[in-house]
Amino acid sequence: MQTNEAKKSSASSFFMKIVKNQCFIPLATLLLLAVFNLIADPSFFKISLGYNSAGNPVLSGFLITILDSGSELAILAIGMTLVTAATGGQDISVGAAIAISGSVLLRVLCGTNSRPETLQAPIIVAFLVSCVVAMLFGAFNGVLVAYFKIQPMIATLILYTAGRSIAAWINNNELPVISEPSFTYFGEFIPGIPIPTPFFIAVACMIIIGIVLKVTNLKLFTQAVGINESSSRLNGLNPAFIKVLSFVILGLCVAVVGLIKVSRISTINYSVIAKDIEMDAILAVALGGNALSGGKFNMAASIIGAYVIQFLTTTLYKFNVQSDALPAYKAIVVILLVVISAPTVREAFSSMTKKLKVKEVA
Amino acid sequence: MEDNIVLKMRNIHKIFPGVHALQGVDFTLRKGEIHALMGENGAGKSTLIKVLTGVYGKEEGEIFLDGVEGAVAIHSPQDAQRLGISTVYQEITLCPNLSVAENMFIGRTEGVYQNWKKMNTETDRILKSLDIPAKPTQQLESCSIAVQQMIAIARAVDMDCKVLILDEPTSSLDEQEVAKLFKLMRDLRERGVGIIFVTHFLDQVYEVCDRITVMRDGKLVGEYPIKELPRVQLVSKMLGKELDDLSDIKGEQQEYTKEKGAVPVLEAEGLVSDAGIKPFDFHIDKGEVNGFTGLLGSGRSECVRAIFGADRVLGGAVKMNGKNVKISKPLDAMKNGIAYLPEDRKNDGIIGDLSVRDNIILAQQVLRGFFKPFSKAEANKVADEYIKLLSIKTASKDTPIKSLSGGNQQKVILARWLFTHPEYLILDEPTRGIDVGTKIDIQKLVLKLASEGMSVTFISSELDEMIRTCSRLVVMRDRKVVGELSGADLNQNKVMSTIAGGDK
């Protein structure tokens, strides 16, 4: 009898541990969406092998779309999580910054001619240049936030407004087109590998950030600054530097997504590229149960959150929700998810379950 | 009500969860008097003011006002204002981007129609009658802080206030501005306004006040005409120590004897920061425990903050072990082996959401640098070690520090700094708001560290604690170092008379 009860309590405490884990809500949502799709229309999970125009084997299906587009979001979520944690605010200029870094990439590849026969520079060089530019714009945002103490949303509103014009100006308002097939490898498929490349890039980014969080003090210092700036300063940290650093890292993420985005279409559309992507990236952070007011963060939860957002978008597409109405549907689901994963609600929930437990004992 | 009395508070009780903040306090204010309300931290001054102005409700007690039958009910700041009780706070609560006249009349006009001309002439009249050097159409932020304060007062007075509360109005003013403010206060006194003056500056109390009410630990100590309460008496009443307390015996602390020819661990000359302290000299030797003492707001914390580089250092030279060092930010101080446990534990000490373990390793981790994190195993080992050493009561080392009790939070912060193995440890109010047992633990620890060769500067509001632990006290008054006591001079009477200054 006693052992039975002990087993029961250890099982329930194990269950509580799972529920309390920050990854629980995004994972549960993912599961819920999957079950919903399974019941509504199992063909959602169909993956078929076909051949693309270049004759390479490629996988296609809704799950592959999620893996593909969700990866862009996951990469941005990494940077956005750090910015949120350090500054207690968000960067809304991400989409515009992607336009800039994509434009720089094309400019370096094309040189002065907007339709070059051959690439004017190696792709790696062009990518590195776009990284530097994106990081500089990140630093610009960071300096406004950290040194001039401007609200992050307001500070990044500047680049949000001006970014796409700057992107157009970089290429003299022309639309360069790359004809080199190997350039498409980053946004589409590498010949012989049927899984979309962005997923591999995202995995590489996750591994890198995982290593960085392991071998440096980035996590501890960012959290400390986000939770209590004044204490952090008295512990010898430089809060302003940490904040700028988080924006610079986000800049690097932006450059990677910029590469994927322009590689997908081998050209750029300044006003449409990565439109509203910042909102999805912020949602991914919130969905991961990270407080948007900064402080403690869980990187894995944010990344899962990114794929959940994409899962939701794709599900809505699948059910023929008109693209105009899509944001409204998404908003309803997102409000629910964000409210459930908000720290205050989680605390209320855990205190409620504690009360229930007490009653049970009584 | 008797003649001359404008405000009478009787038997006021206020209870916060777990704290009996006001315990039957009486307060009487007469017409045309400036009445100082004095008390150390936690005495209940601001609670009393907040009950009077309707910010807090009261559990028990009555408030009477001149011209009102029976006890008055004050449920909100608006009620208080309607009854003629106005407050001017240390921080200006007016709108800096509006004109002086607009600020005078904001929220007081009826209807939507505003007669601008009348408002301006009216304001001009008030400003002139009170001799305030400002124009009605001038933007408020273009006036000096003192003038802004005076305008806030003028606004209060113009709203027919009978009771004017000035809550630390002089903290951000320089001497000339204070003089101007005092002139205004005296003018108002002539007009019959009763003024409650809350301040930490003793000199100012004796310059301008007629009467003093002293509070301590939520209780009324007494009300005294200023002439009958010499400074030393005032200080002893505020601190709750009798002057001729014969039980003033020095305790565990050993007489510190300096080794011959030894250079001080830290030596500061003419150090001054942007926190408003006067330049000061300071030194501490190896294995010495000394302290800064003075009333709240006397500048004792600002001095140690200047040493640690926590405030912006404006001038002065610092030597460590005889070598010149430049300390312009906390990290510089840490690299030189200085550790600082700040006064405001909640805002400057703990990183609330982080675990006890992360809070312990933080400072040492910063010193080690960005690319050398402790492994999880190392961090756990360190945390276990210090939790045991200081007997920190915590559910586990992963518990967020904010869920610990105040005393245990303080021990964690102490552990954080001990782990940096400092040569010189500064403890600013380490025992405030923590239980007696922990207090004694910390005092003992300080003496033990000193005997092992660490130099410690100790600041506490409790005088007997200071005398028990320190072998030398630097005494501060009104942001100046006014004396240094050691050896036989280190007793309560002497310390209090030095804090009080020349008995005028």
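Biologist: What percentage of the 504 residues in chain B is buried?
Modeller: This is a predicted model, and burial is counted from C-beta atoms placed from the backbone, with 20 or more others within 10 Å as the cut-off. By that count, the buried share of the 504 residues in chain B is 45%.

Biologist: What share of the contacts in chain B with a separation of 6 or more comes from residues 24 or more positions apart?
Modeller: Chain B holds 17 helices and 19 strands. Among its contacts with a separation of 6 or more, the part from residues 24 or more positions apart is 69%.

Biologist: How many residues does domain 2 of chain B bring to its contact with domain 1?
Modeller: Chain B is divided into domain 1 (5–229) and domain 2 (266–500), and their centres, taken over C-alpha atoms, are separated by 36 Å. Domain 1 of chain B gives 6 residues to the contact, and by class these are 2 nonpolar, 2 polar and 2 charged. The number from domain 2 of chain B is 7.

Biologist: Is helix 12 of chain B roughly parallel or roughly perpendicular to helix 13 of chain B?
Modeller: The axes of helix 12 (residues 356–368) and helix 13 (residues 376–389) of chain B come within 9 Å and cross at roughly 95 degrees. Angles of 65 to 115 degrees fall in one class, so helix 12 of chain B is, relative to helix 13 of chain B, roughly perpendicular.

Biologist: Which residues of helix 13 of chain B make the contact with helix 12?
Modeller: The residues of this contact divide into 7 nonpolar, 1 polar and 1 charged. Helix 12 of chain B contributes B:Val356, B:Arg357, B:Ile360 and B:Ile361. From helix 13 of chain B come B:Ala379, B:Asn380, B:Val382, B:Ala383 and B:Tyr386.

Biologist: Which elements of chain B do the buried residues of helix 17 pack against?
Modeller: The buried residues of helix 17 (residues 492–500) of chain B are B:Gln492, B:Val495, B:Met496, B:Thr498, B:Ile499 and B:Ala500. After helix 17 of chain B comes B:Gly501, with a positive phi near 85 degrees. The partners of those buried residues in chain B are helix 7 (202–208), helix 8, strand 12 (289–293), helix 16 (463–469), strand 18 (472–477) and strand 19 (480–486).

Biologist: How far apart in space are B:Val232 and B:Val495?
Modeller: B:Val232 is placed in helix 8 (residues 231–239) of chain B and counts as partly exposed because it has 17 C-beta neighbours inside 10 Å. B:Val232 and B:Val495 are 263 residues apart in sequence. In space, C-alpha to C-alpha, the distance is 9.7 Å.

Biologist: Which residues is B:Glu484 in contact with, leaving aside its neighbours within four places in sequence?
Modeller: B:Glu484 lies in strand 19 of chain B, and its 14 C-beta neighbours inside 10 Å make it partly exposed. B:Glu484 and B:Val356 are 38 Å apart, C-alpha to C-alpha. With those sequence neighbours left aside, the contacts of B:Glu484 are B:Arg472, B:Val474 and B:Val475.

Key. Residues numbered from 1 in each chain as written. Chains lettered and ligands numbered in written order. Predicted model: local features only at pLDDT ≥ 70, side-chain atom pairs only at ≥ 80, totals over all residues. Axes fitted to C-alpha atoms, helices over the stretch in contact; angles between N-to-C directions. Helix = DSSP H or I, 4+ residues; strand = E, 2+ residues; numbered from the N terminus. Parallel < 35°, antiparallel > 145°, perpendicular 65-115°, else oblique. Contact = placed C-beta atoms within 7 Å. Nonpolar A, V, L, I, M, F, W, Y, C, P; charged D, E, K, R; others polar. Buried ≥ 20, exposed ≤ 12 C-beta atoms within 10 Å, placed from the backbone. Domains from an automatic or database assignment.
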